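I opened this notebook to keep track of what I looked up, one topic at a time. The entries follow the order in which I went through the model.

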Amino acid sequence: MKRRFKSFKVIVVVAIYFSCVSILAGCGFKDIDKRVFVTGIGVDPSEKEKGGYKITLKLSLPVASIKSSTGPNYEYLVYEGETLAEAIRILETHTDKVLEFGHTKMIVINEGLLQENIKDFMDYFVRRSDIQLIAWVAAAKPSAESILRVEPAAESAVSSTLINFFGTSGTDSPFITSTFLYEFRRNMLSDGIDAVVPLVEASEDRKELIVNKSLVVKEETKPLELDAEESKYYNTIVNGMSGFSYKAESDDLKLILNMERTKIHYKIIMVDEKPTSINMNVKMVGVIGQSNKNLSLKDLKEYDQIASKAVKKKIIDFLTTVQKENFDPIGFGLRYRSMVLYNKNTISEWRKAYPDLPIDVSVDVELKGTGAIE
Amino acid sequence: MSRFLYYLIFLTMISNIVASVPKILLFESKTGAIPSMFAAVIIGTIFVFILVKLFNAFPGKSFPDMLKQYTPKWFAYPVLFYLFLCWFGAGLITLITYVFLFITFFAPETSIVITTLAFVLVISFGILMKSRSMLYMAEIVLVLFVPLIFFLLIKFYVNPKLDWDFIKIAMMHINHVPSYWAFGAALYIFMGIADLVIFNELFTKKHKMGWKQVLVIGLSGAAILFTTFFVPIGYNGVEQIAELTFPWISTSDSIRMKYGLIERVIFIFILAFLGIAFVSLLLHWHVALKLLESIFQFKRLKWKDKMLAPYIFVVIFGIISLVLTRKLTQYQLFSLSNYFFGSIPIFFVVLISSLVLVKRRAKL
């Protein structure tokens, strides 16, 4: 009797398990073949209505296998609407699949949009929880759509050229500013620092992308364009990036320095809690990459001097240019705010003082060698 | 101190890095969160010290038994019921917060009922386990997830994009009067020790509670609060930090593992913390269930020598959470947790004073 009872129990359990199978039939998800991945979003001002936006979505089409595909396959969806959300809702009806934003790595914004109501459209990207906050933000010239539509010849089937520019996993150059979405939002909304985004341009034949300029963005102000040289110094100061071409010249000697390490310290000098000057210490370690003359190893100290002087002049030039336009990409204001106890006037005091603050820079370059030849 | 006691404390501490505590602390970031956190670390550690000392007087006894033995009924039952409400509320808030978080970031297309049901089903089986197995499970989960969480937290700190200037600016808001609500929320991370009301049954030896133990608890509490409060600020700025609905989840999306298996840390992060939160939730509701059982003993509700009451209670727990997750809005959840955390100081006072009363009555 007892044995029969036991087997009965087993049957019941098995029956429960099997009935559970019927629940497993559908989950809340949609299959991957019913989804299409949006890898880039472009935002342009609308051509038809004032204040509207033109949205370009770059969709990556799946390939069966990497070997059989000849190159990347993209599809572009373009629509104009009053707001981003509306335009994207309409674009959902332009394709048979679900638009999946989880893999969006690139947000490209027309240069002209980066001066007013930035909050207005950036809100959408942050509010949507499926868009990564580690997506890259870039400004585009002449338009976001044209930049997204560039398909360079060197692009391989499963990678996207535009994305590889940023971060250090692909090309790694001090000319390229890389800005995450969260970083852009943080620096743009905070007092005392201005956000910097890379400026992406296309070559004249529309076959190549060029990223070596940056834009300093501030709400309600025309953005300040940093050229390649200024972008390099910005990246050196803020991100400690270092690359090949730091040029140093004295009477008849021309050196190109290859910096390996850069360390930057800066502080705001204060008297009675009022900022009086900015003090910056730069320490660089590197080797000589190119020279127009024969060099001798025992003169390294002398070359140090020449290099320090040259780099110092460049950094001061960069800092004063930015300061004159009343932009603060480095975040001196933040540093000031972090040094005084909070009160309501801290920010306005800083704003008043910043344009005329003297900047002291001391540069210490240490050259380790002259490269493979003397 | 028994290592399990540390588990009880640390589980609650870690699980609150993500849940609703940071939201409340950051909401008050410009109006006195920092002094309240200082106060909470000191007072919380003192509370932990007192509680362990008091329970040391009654090795191997649970709080409901002590209360019923030494105090009159009109006192014992309301106190037990109040404690039950606190633990049930603690579990409920964790559960709802995590369901909302799951819906927002993980599976926006799944219906909220199914998500809650999945949570509730697992939890229901969990809280019906024996108290001893609960502790073993807590150990296993901690061993599995804490190294991972530690690794992730280190990643947050070593990332060069973490801007310490923002953190220092936030620290400059120290010149404020402590805010009561922030104090409650910060004190909540020390609540784990109060699980002793039930688990004291299992500890028959006295706990050693000296300077070393106090220091470990105080310092880890301070470190957890520091991380909870300042890391999101370092990644998201000071001015707009209060705007984020789930500050820590948005922060975890700011980290990437370039060469990791998954680039977006957010998914690993949520899963790891989900594990910890699950156990913390199980412990809370297990205590709640035991307290409820000690109040309402339906001796006649039996089936084959098994008490049916716990099963009924668990079903009620499940139904309440299902209804609330569907009804509550984000804002209501926020104010609910705010009021709940505000009641934590009262909770500690009630627990400690009734323990003192029991101790006096028992003339120990």
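**Loops of chain A.** I began with Pro142(A), which I found in the loop between strand S6 (136-141) and helix H4 (144-149) of chain A. In this predicted model, the peptide bond that leads from Lys141(A) to Pro142(A) is cis, and its omega is near 0°. I then went to the loop between strand S8 (209-217) and strand S9 (224-226) of chain A, where Glu220(A) sits. Phi of Glu220(A) is near 65°, which I noted as a positive value in a residue other than glycine.

**Chain A as a whole.** I looked up the secondary structure and found ten helices and 13 strands in chain A. The radius of gyration of chain A is 27 Å, well over the 21 Å that the globule rule gives for 374 residues, so I recorded chain A as more spread out than a compact globule. The C-alpha trace of chain A spans about 100 × 60 × 55 Å along its principal axes.

**The sheet S10-S11-S12-S13.** In which order do the four strands of this open sheet of chain A lie? I read the order as S10-S11-S12-S13, with mixed pairing. Strand S10 (246-250) and strand S13 (359-369) of chain A are the edge strands, since each pairs on one side only. From one strand to the next, the twist averages 40°.

I took the pairs in turn, keeping in mind that strands of a sheet pair through backbone hydrogen bonds, either parallel or antiparallel.

- S10(A) and strand S11 (residues 253-271) of chain A run antiparallel and are joined by five bridges; I noted Lys254(A) in S11(A) as the bridge partner of Glu249(A).
- S11(A) pairs with S12(A) over 16 bridges, again in the antiparallel sense, and Met259(A) stands opposite Gly286(A) in S12(A).
- S12(A) pairs with S13(A) in the parallel sense over ten bridges, where Val282(A) has Val363(A) in S13(A) as its bridge partner.

I also looked at the hairpin of S11(A) and S12(A), which has two residues between the strands, and there Asp272(A) takes a positive phi near 55°.

**Chain B as a whole.** For chain B I found 16 helices and two strands. The radius of gyration of chain B is 20 Å, close to the 21 Å that the globule rule gives for 364 residues, so chain B is as compact as a globular protein of that length. Along its principal axes, the C-alpha trace of chain B spans about 60 × 45 × 35 Å.

**H2 against H9.** I turned to the helix packing of chain B, where helix H2 (residues 20-27) and helix H9 (residues 180-188) pack at an angle of about 150°, with their axes 9 Å apart. Because of that angle, H2(B) is roughly antiparallel to H9(B), and the crossing of H2(B) and H9(B) is left-handed. On the side of H2(B) I listed Val21(B), Ile24(B) and Leu25(B), which meet Trp181(B), Ala182(B), Ala185(B), Ala186(B) and Tyr188(B) in H9(B). By class, this contact of H2(B) with H9(B) has eight nonpolar residues, no polar and no charged ones.

**H9 against H16.** The axes of H9(B) and helix H16 (residues 344-361) of chain B come within 8 Å and cross at roughly 55°, which makes H9(B) oblique to H16(B). Tyr180(B), Phe183(B), Gly184(B), Leu187(B) and Tyr188(B) in H9(B) meet Ile344(B), Pro345(B), Ile346(B) and Phe348(B) in H16(B). I counted this contact of H9(B) with H16(B) by class as eight nonpolar, one polar and no charged residues.

**H3 against H16.** How does helix H3 (residues 33-56) of chain B run relative to H16(B), roughly parallel or roughly antiparallel? The two helices, H3(B) and H16(B), pack at an angle of about 30°, with their axes 10 Å apart, and so H3(B) is roughly parallel to H16(B). The crossing of H3(B) and H16(B) is left-handed. The residues of H3(B) that I listed, Phe47(B), Ile50(B), Leu51(B), Leu54(B) and Phe55(B), meet Phe348(B), Leu351(B), Ile352(B), Leu355(B), Val356(B) and Lys359(B) in H16(B). By class, the contact of H3(B) with H16(B) has ten nonpolar residues, no polar and one charged.

Technical notes
Residues are numbered from 1 along each chain as its sequence is written. Chains are lettered from A and ligands numbered from 1 in the order in which they are written. This is a predicted model: local features need pLDDT of at least 70, side-chain atom pairs count only at pLDDT 80 or more; totals for chains, interfaces and linings use all residues. Side-chain values use heavy atoms; hydrogens and water are left out. Axes are lines fitted to C-alpha atoms, for helices over the stretch in contact, and angles run from 0 to 180 degrees between N-to-C directions. Angles under 35 degrees count as roughly parallel, over 145 as roughly antiparallel, 65 to 115 as roughly perpendicular and the rest as oblique. A crossing is left-handed if the near helix is turned anticlockwise from the far one by less than a right angle, and right-handed if clockwise. Contact means heavy atoms within 4.5 Å. Ala, Val, Leu, Ile, Met, Phe, Trp, Tyr, Cys and Pro count as nonpolar, Asp, Glu, Lys and Arg as charged, and the others, Gly among them, as polar. Two strands pair if DSSP finds at least two bridges between them. The radius of gyration is taken over C-alpha atoms; the globule rule is 2.2 Å times the number of residues to the power 0.38.
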